[in-house]
Amino acid sequence: MKGRIFDKARLSEFIDDLIKKRKIYAPINKDGLTCFSEIKSSSEIYFDFQSKLSSKEILFPRCETLFTYKRVDGDVKLEEIKVKDEESVLFGVPPCEARGFILIDKAFSSGEFQDVYYLRRRENTIIIGKSCQYPRNTCFCTSVGGSPFGREGVDLLLHDLGEKYLLELVSKKGEKLIDYIQKYENATETDIKMVQRIEKVAKESMKTRLELKNIEEKLDNMFEDPLWKIIYQKCVGCGVCTYLCPTCYCFDVVNEQITPSEGKRIRIWDSCQFPLFTLQGSGENPRPTGKERMRQRMMHKFNYYPKNYDDIACVGCGRCIRECPVNLDIREVLKKIMAQ
Amino acid sequence: MLNPYIPNLTVIKKITQENDLNDIKTFKLAFNNPSKFRDFKYRCGQFAELSLFGVGECPIGIASSPSDNFLEFTVKKVGMVTTALHNCEEGEIIGVRGPYGNGWPSERLESHDIFILGGGFAFTTLRSLIKYILHEENRAKFSKLCVIYGARDPGELLYKYDLRTWATRDDIQVIPTIDRASNGWVGRVGFPNQIIKEVASDTENSLAIICGPPIMIRFTIPILVKLGFPPKNILTSLEMRMKCGIGTCGRCNIGNKFVCKDGPVFSYKELQNMPKEH
Ligand SMILES: Cc1cc2nc3c(=O)[nH]c(=O)nc-3n(C[C@H](O)[C@H](O)[C@H](O)COP(=O)(O)OP(=O)(O)OC[C@H]3O[C@@H](n4cnc5c(N)ncnc54)[C@H](O)[C@@H]3O)c2cc1C
Ligand code: SF4
Ligand code: SF4
Ligand code: FES
């Protein structure tokens with residue numbers, strides 16, 4: 001492990017230095033809503049255990065314009081809205097969300113066509129993670145291949161050592177920030193040992209431990225299982241579980257007319273929990289009730305996505321558990337699946 | 001990196017009314033930028049996203065043949081985008097992005113006798129394939145070609161102009177058929193899945209391609225199996241609601257397959273191994 005160590009008070013200096021040269025996104029508290037947003041000063045940073053809205057929306061915005069069109073004398077002019085080539089830093093990302101980006105990467109880059117909007121932002125953004133010393137009881141990252149101190153997907157990782165912060169250099173990309181951290185002291189053997197100690201404690205404190213081995217194979221035989229009919233009953237189909245999820249990436253493509261002769265094509269987040277998601281013009285709908293839609297969500301995360309990309313598409317952040325209005329708990333669903 | 005979401009601009013060169021109900025029209029398009037058309041290399045059975053500025057996009061199978069030097073789509077008026085397209089006039093500009101999807105498996109087609117069963121307006125990419133096979137540069141590569149095409153009544157058959165030309169050739173057997181007897185109709189009456197029983201031959205070594213309303217497909221597949229077509233040789237093209245057309249928006253999956261990028265063409269054998277959600 002390589003890293004720098006500094007007094008907590010100096011974090012603001014580090015951030016404000018970065019702000020002079022780059023765009024910085026960090027967790028903030030906007031009238032009570034914790035989310036990630038661009039900041040202009042380190043004083044805006046708000047460390048909560050985990051923000052209500054994940055950092056996903058910084059690289060994959062809730063709504064973004066793909067191009068604009070304009071009609072002029074019977075002709076049409078299109079203008080692609082290009083993601084600006086500007087170096088950015090996404091600061092304070094929990095390790096589970098950082099892993100979420102790796103999962104979205106696969107979906108947006110592995111086919112014949114590439115999602116240029118997301119990928120350009122991804123390429124230009126350095127991710128500074130923040131390790132989770134005190135996982136909550138809804139967290140289950142270690143059950144799905146992650147860790148509260150996971151390095152997957154982060155370029156640098158900030159550890160809270162009480163009086164000080166240790167900023168660990170994780171990836172090659174992270175070294176691009178070397179100029180900003182050179183002035184801080186190198187972390188010593190003792191500092192590193194301390195990180196390892198709190199890492200161990202954090203991992204051991206994880207309350208939820210799910211045994212999900214072979215879940216993909218289990219689900220192979222469960223498409224027609226009566227389970228779906230039972231678990232969907234209390235779901236109200238609000239879609240919150242998918243909107244807040246740091247690994248859900250489904251979107252809709254729509255038009256917005258500004259004047260009769262100009263407008264834009266935009267894409268917005270969408271949810272497999274909505275009936276319109278699959279409703280066809282002919283009136284046919286392959287997923288007519290909540291049963292099929294709940295099944296799709298679970299199957300996508302724990303069977304279809306793993307089949308295509310070799311990884312479970314849930315990072316165990318627990319948002320869908322905490323925010324579901326009817327307390328539908330994905331951990332309970334997973335236990336039921338594993339008990340089949 | 002190429003941006004797959006930006007459509008090519010095309011101008012509507014010609015609009016052909018296809019049926020008596022006048023809810024199906026064929027649109028012939030020309031690219032504003034001819035070099036973009038040269039890059040738009042497509043196979044029979046692929047589709048494209050048609051783009052109406054201010055309205056939206058919709059996936060439509062390509063109805064022209066790669067051997068044609070233009071692009072054609074046949075569209076039924078059902079909702080927002082398709083209605084807006086039907087309201088267009090010749091000379092208007094619309095967007096096209098694609099081609100997308102796998103298309104009909106041309107190598108496999110070349111080595112087999114082919115039986116095509118079409119029903120209703122889902123004949124569009126079949127027409128592309130037939131035109132391609134019949135093209136003078138291609139015909140010799142293929143073997144026997146038999147087409148059974150059914151519609152509710154004579155006025156609802158698409159591509160009547162093509163059907164007439166095909167009927168004059170001896171290297172294709174074309175059997176148009178209608179559901180119920182109708183005044184002035186001298187052709188066959190009955191469903192394609194009945195007529196295939198009379199004309200199918202050497203089924204173990206032949207391919208059956210079937211496109212039509214879901215109900216027709218459900219009834220026809222068991223008949224084809226019974227006639228001896230191997231499940232891997234029974235091909236169909238699926239429809240799902242789509243947005244991106246390129247496998248990113250997460251909308252059109254059946255199990256772990258995306259209809260837009262792994263399909264829309266699937267064999268019955270593949271469908272047997274997929275969840276029943278289509
Ligand atoms: C691979 C493929 C090939 C197709 N080929 C043809 C063709 O050759 N000719 C033809 O007339 N129709 C074809 N369709 C169906 C056509 O895409 C729909 O009829 C069309 O999308 C309806 O759009 P709308 O906006 O007019 O209807 P609306 O009901 O207003 O639809 C709103 C939205 O729903 C989506 N949608 C609705 N129905 C479908 C559907 N069945 N499939 C996909 N998306 C849908 C569209 O994306 C549209 O933006 C094809 C569909 C697919 C998937
Ligand atoms: S499914 Fe739930 S727990 Fe898993 S990543 Fe998404 S929001 Fe978090
Ligand atoms: S958050 Fe809860 S109620 Fe809302 S769609 Fe998800 S499971 Fe259903
Ligand atoms: S249409 Fe978007 S994934 Fe198939």
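Start by selecting P99(B), which you'll find in strand 6 of chain B, residues 93-100. Keep in mind as you go that this is a predicted model. Now look at the peptide bond that joins P99(B) to G98(B): it is cis, with omega at about -5°.

Strand 1 of chain B, residues 8-17, runs antiparallel to strand 6 and is joined to it by four bridges. Strand 3 of chain B, residues 47-52, is also antiparallel to strand 6, again with four bridges.

The peptide bond from G263(B) to P264(B) is cis, with omega near 5°. Where does P264(B) sit? In the loop between strand 14 (257-258) and strand 15 (265-267) of chain B.

**The seven-stranded sheet**

Strand 15 leads you to the next stop. Colour the strands of chain B in the order 10-9-8-7-11-12-15, and you have an open sheet of seven strands with mixed pairing. Which strands are at the edges? Strand 10 (188-189) and strand 15 of chain B, each of which pairs on one side only.

Inside that sheet, pick out strand 7, residues 113-119, and strand 8 of chain B. They run parallel, and six bridges join them. For one point to zoom in on, select I116(B), which stands opposite V147(B) in strand 8.

**Two residues with positive phi**

From strand 8 of chain B, carry on to the loop between strand 8 (145-151) and helix 5 (160-167), where Y159(B) has its place. Y159(B) is not a glycine, yet its phi is positive, at about 55°. Most residues other than glycine have a negative phi. Is Y159(B) buried or exposed? Buried, with a relative accessible area of 0%.

Now switch to chain A and select D73(A), in the loop between strand 4 and strand 5. D73(A) isn't a glycine either, and its phi is positive at about 45°. With 82% relative accessibility, D73(A) counts as exposed.

**A buried glutamate in chain A**

Still in chain A, go to strand 9, residues 164-169, and find E168(A) there. E168(A) counts as buried, because its relative accessibility is 6% and the cut-off for buried is under 20%. Show the side chains and you'll see what E168(A) meets: a polar contact of 2.7 Å joins its side chain to that of H159(A). Leave aside the neighbours within four places in sequence, and the contacts of E168(A) include M1(A), K2(A), G3(A), R151(A) and D155(A).

**Where the chains meet**

For the last stop, show both chains together. How many residues does each chain bring to the contact? There are 47 from chain A and 41 from chain B. The area buried between the two chains is about 3,700 Å², and carbon and sulfur atoms give 56% of that. On the chain A side, select F113(A), F251(A) and R265(A): they lose the most area to chain B, together 15% of what that side buries.

Then turn to the polar side of things. Between chain A and chain B there are six salt bridges. One to zoom in on joins the side chains of D270(A) and R251(B), at 2.8 Å from N to O. The two chains also have 21 residue pairs in polar contact.

Several elements of chain A each supply at least two residues to the side that touches chain B, among them strand 4 (63-72), strand 5 (75-80), helix 3 (95-109) and helix 10 (290-309). Which of the elements gives the most? Helix 10 of chain A, with seven residues. To finish, colour that side of chain A by residue type: 22 are nonpolar, nine polar and 16 charged.

Technical notes
Residues are numbered from 1 along each chain as its sequence is written. Chains are lettered from A and ligands numbered from 1 in the order in which they are written. This is a predicted model: local features need pLDDT of at least 70, side-chain atom pairs count only at pLDDT 80 or more; totals for chains, interfaces and linings use all residues. Side-chain values use heavy atoms; hydrogens and water are left out. Contact means heavy atoms within 4.5 Å. Buried area is the accessible area (1.4 Å probe) that two parts lose on being put together, summed over both. A salt bridge is a side-chain nitrogen of Lys or Arg within 4 Å of a carboxyl oxygen of Asp or Glu. A polar contact is a pair of N or O atoms within 3.5 Å; within protein, one must be able to donate a hydrogen and the other to accept it, and residues adjacent in sequence count only if both atoms are side-chain atoms. Ala, Val, Leu, Ile, Met, Phe, Trp, Tyr, Cys and Pro count as nonpolar, Asp, Glu, Lys and Arg as charged, and the others, Gly among them, as polar. Buried means under 20% relative accessible area, exposed over 50%, partly exposed in between (1.4 Å probe, protein chains only). Two strands pair if DSSP finds at least two bridges between them.
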